Amino acid sequence: MNVVITPAMVGQVVVSGLLAGALYSMVALGLALIFGVMRVINVAHGTLLTMGAYTTFWWFRLLGVNPYLSLLVSMPVMFVVGIGLQRAMVRRVVNAPELSSLLLTFGISIALVNGLQLAFTSDLRTVEFLTGAFVVGGVALSKSRLVAFGFALVITLGAYWFLQATRFGKAIRATSQSPMVAMVCGVNVERVHLYTFGIASALAAAGGSLVAIMFAIQPEMGQVYTFKSFLVIVLGGAGNYPGALLGGMLLGLIEQLSSLFLTTQLSEAVAYVLLVLVLLVRPTGLLGGRAT
Amino acid sequence: MTRLARTALVLVGLGAAGALIAASALAQGPVKIGASLSLTGTYAALGQNQQRGYQLCAKHVNEKGGVLGRKIEFVFYDDQSQPATGVRLYERLITQDKVDLVMGPYSSAITEAVANVNEKYKMPMVAPMASTTAIFKKGRKYIYMVQSPAEVYLEGLIDVAAKKGLKTVAIINEDTLFPKATVQGTIELAKKKGLQVVFVEGYPKGHTDFSAILTKVRAANPDVLGAATYFDDAVAITRQMKELNVSPKMYGVTVGGDLPTFYQLLGRHAEFVYGATQWEPELPYPGAKEFVVSYSLEFPGRDLSYHSAGGYAGCQILVEAIRRAGSLDGEKIRDAILKLDFKTVYGGFNVDQDGFQVSHKMVTFQWQEGKKVIVWPDELAAGKALFPTPPWSQR
């Protein structure tokens with residue numbers, strides 16, 4: 001009892017995959033930045049995304065203003081929260097063994113999720129805005145996903161430009177190549193760490209804001225995005241920033257295509273099997289790690 | 001006798017007396033009933049409703065003097081919608097908290113897991129929110145079903161579809177115990193009614209992006225789409241059907257579609273959606289009206305769904321069984337439950353020798369102008385189904 005797969009269906013899922021992929025790229029870039037600069041795997045990344053999502057939900061619920069404008073709030077707010085987390089806690093584990101940072105961020109994540117549950121209950125929430133789709137030649141383009149794709153693309157490319165072209169972006173890249181050399185060259189490494197965590201949190205928050213308009217949200221939603229971001233940076237090469245962009249798109253496509261050609265149950269397994277394969281065969285990621 | 005031995009004797013005597021006093025004081029205390037529920041996680045909305053049912057029942061029972069001359073008191077834990085956590089919590093309730101009796105958790109998957117625990121300790125468990133047949137057909141002696149089985153959840157949808165002359169049906173489901181049982185039952189029912197099943201596929205628990213599976217559904221182009229869901233996925237699928245322009249003539253979900261929150265979250269998109277429910281507030285069961293009124297007074301603004309009523313009824317059943325057994329002894333309560341045949345706020349209760357429910361009835365409704373209108377079965381129907389469901393562009 002299955003359906004015959006037509007080119008139109010493939011087109012539909014490729015579109016869905018790319019739309020989702022841009023979002024994954026943006027969120028994963030944050031995780032990649034933190035890992036690249038500090039060698040810290042931030043397990044709380046998805047939770048920061050959840051906080052961005054709630055910012056958008058309450059913005060829309062309380063003010064009733066276009067929810068996309070809430071990005072102007074969620075990103076700066078989470079930037080500050082990120083800096084606060086770095087300053088208060090993460091700073092202490094930057095040069096510690098990797099297990100310390102894993103445990104610390106895991107703890108932060110649990111505390112934040114429970115805080116959200118206490119504050120907002122675990123009820124499902126939605127932002128009913130821009131539902132429905134444009135239908136173009138048999139392919140339905142979800143309006144909210146299309147807009148999210150646009151935002152994700154612009155924000156990700158903006159972040160990428162920032163890393164490539166600005167003085168501070170160069171300091172970030174220098175630090176991720178070699179903290180020691182960067183320090184010798186006069187880069188304030190501590191400050192780079194601080195702002196990197198802030199920027200990464202803002203990227204996660206942007207993801208959350210966009211997700212809130214597409215899907216229903218609840219306090220535990222973020223975990224999935226932590227996993228997905230992790231997958232993305234392994235696929236693309238940990239610490240390799242263009243790799244994160246490629247990895248995100250790839251993950252979106254893999255999820256959708258495997259769901260179409262195999263079954264939906266298997267689609268999530270496929271992505272993780274790929275993760276294992278990449279780690280075995282090309283542990284530096286598809287584009288090679290650590291290069292900038 | 002040395003002084004030491006005498007002192008020891010006195011101490012032992014004192015200890016024994018102390019234990020006796022403690023034991024009799026305990027006997028005067030409340031009857032402790034343990035339950036772990038999904039208060040957070042995927043099943044949170046439903047588990048919380050069930051918990052409110054338990055709480056209200058305890059309040060009512062205690063207002064009427066309790067049972068066996070003692071008050072009843074619930075000990076609650078949160079299993080975070082995880083079967084493994086549920087197992088740990090029931091072990092803890094029985095062995096550490098030493099509860100007198102237990103009530104079931106939320107969902108078939110978690111009930112299936114914890115049923116081994118209460119079975120091990122021979123402690124009867126009324127399981128109001130488990131409707132998978134298999135749980136009750138494994139030779140277990142201490143678990144009892146309250147609601148209709150998973151297999152008949154979409155019976156109303158299929159029956160109405162057949163009467164309207166529809167021919168094809170697609171079914172999608174969360175890939176867990178209860179929805180899978182619904183799929184099996186629905187396939188059987190569809191065959192019996194002469195409908196052709198053109199597409200069946202599951203998706204993993206916690207799935208949020210239904211693009212690919214709905215693309216396949218659209219390609220299969222069924223007259224009817226049945227989704228064996230819980231709450232989160234029911235909401236997501238309905239939203240994404242609009243995004244992907246999937247428009248069958250009838251679309252029904254199982255669990256979750258009956259919650260008022262379903263309509264609040266989806267708004268107009270919930271119009272025309274069919275849902276299955278074990279219970280609705282307006283059904284004329286004894287005590288139902290009073291239950292609805294006191295629920296809204298006790299929990300103002302909170303969801304009232306069949307999970308709440310089922311929880312309430314499950315507790316009613318247990319209390320009635322304790323009363324008839326005249327004791328808290330597991331075996332006696334088991335005998336009393338197997339003999340029970342009465343109506344709760346939730347409808348009929350009568351189980352066979354396996355503890356499988358044979359008396360309770362399901363109903364099918366459709367969301368019409370923000371209200372759930374019961375459209376099946378005919379003898380309980382309050383209105384007619386709006387048929388066919390128009391394409392998204394015309395809603």
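## Basis of the model

Residues are numbered from 1 along each chain as its sequence is written, and chains are lettered from A and ligands numbered from 1 in the order in which they are written. Because the model is predicted, local features need pLDDT of at least 70 and side-chain atom pairs count only at pLDDT 80 or more, whereas totals for chains, interfaces and linings use all residues.

## Contact between chains A and B

In the interface, 31 residues of chain A are in contact with 36 residues of chain B; contact requires C-beta atoms, placed from the backbone, to lie within 7 Å. On the side of chain A that touches chain B, two or more residues are given by each of α1 (7-38), β1 (133-136), β2 (139-142), α10 (241-261) and α11 (264-281) of chain A. Helices (H or I, at least four residues) and strands (E, at least two) are DSSP runs, numbered from the N terminus. The largest share of this side, 5 residues, comes from α1(A).

By residue class, the side of chain A that touches chain B holds 12 nonpolar, 15 polar and 4 charged residues. Here Ala, Val, Leu, Ile, Met, Phe, Trp, Tyr, Cys and Pro count as nonpolar, Asp, Glu, Lys and Arg as charged, and the others, Gly among them, as polar.

## Domains of chain B

Chain B is assigned domain 1 (26-148 + 283-349) and domain 2 (151-277 + 363-394), with bounds from an automatic or database domain assignment. The C-alpha centres of the two domains of chain B lie 29 Å apart.

Between these domains of chain B, 17 residues of domain 1 are in contact with 17 residues of domain 2. On the domain 1 side, α2 (44-63), α4 (108-120) and α5 (133-136) of chain B each supply at least two residues, and the largest share, 3 residues, comes from α4(B). That side divides into 7 nonpolar, 8 polar and 2 charged residues.

## The five-stranded sheet of chain B

Chain B contains an open sheet of 5 strands in the order β2-β1-β3-β4-β5, with parallel pairing; two strands pair if DSSP finds at least two bridges between them. Strands β2 (72-78) and β5 (143-145) of chain B stand at the edges with a single partner strand each, so one side of each is left without a neighbour in the sheet. From one strand to the next, the twist averages 25°. Helix α12 (residues 306-325) of chain B packs on the sheet, where it touches β2, β3 (101-103) and β4 (125-127) of chain B, and its direction makes about 155° with that of β3(B). Axes are lines fitted to C-alpha atoms, for helices over the stretch in contact, and angles run from 0 to 180 degrees between N-to-C directions.

Strand β1 (residues 31-37) of chain B pairs with β2(B) in the parallel sense over 7 bridges. Val31(B) has Ile72(B) as its bridge partner in β2(B), and Ile33(B) has Phe74(B). A right-handed β-α-β unit is made by β1(B), α2(B) and β2(B); right-handed means that, with the strands pointing away from the viewer, the path from the first strand over the helix to the second runs clockwise.

Strand β8 (residues 224-228) of chain B runs parallel to β9(B) and is joined to it by 4 bridges, with Leu225(B) partnered by Tyr251(B). The chain crosses from β8(B) through helix α9 (residues 231-243) of chain B to β9(B) in a right-handed β-α-β crossover. Strand β9(B) is also joined by 2 bridges to the parallel strand β10 (residues 274-277) of chain B, and Val253(B) stands opposite Gly275(B). A right-handed β-α-β unit is formed by β9(B), helix α10 (residues 260-266) of chain B and β10(B).

From strand β9 (residues 250-253) of chain B, Met250(B) and Gly252(B) point one way and Tyr251(B) and Val253(B) the other, and all are buried. A residue is buried if 20 or more other C-beta atoms lie within 10 Å of its own, exposed if 12 or fewer, and partly exposed in between, with C-beta atoms placed from the backbone.

Most residues other than glycine have a negative phi, and most peptide bonds are trans. Cis peptide bonds join Trp376(B) to Pro377(B), with omega about -5°, and Phe387(B) to Pro388(B), with omega near -10°. Pro377(B) lies in the segment after β14 (371-376) of chain B, as Pro388(B) does.

Leu130(A), in the loop between α4 (98-120) and β1 of chain A, has a positive phi near 55°. Leu130(A) is partly exposed, with 17 other C-beta atoms within 10 Å. Gln80(B), in the loop between β2 and α3 (83-95) of chain B, also has a positive phi near 55°, but Gln80(B) is buried, with 20 other C-beta atoms within 10 Å.

Notes
Contact = placed C-beta atoms within 7 Å.
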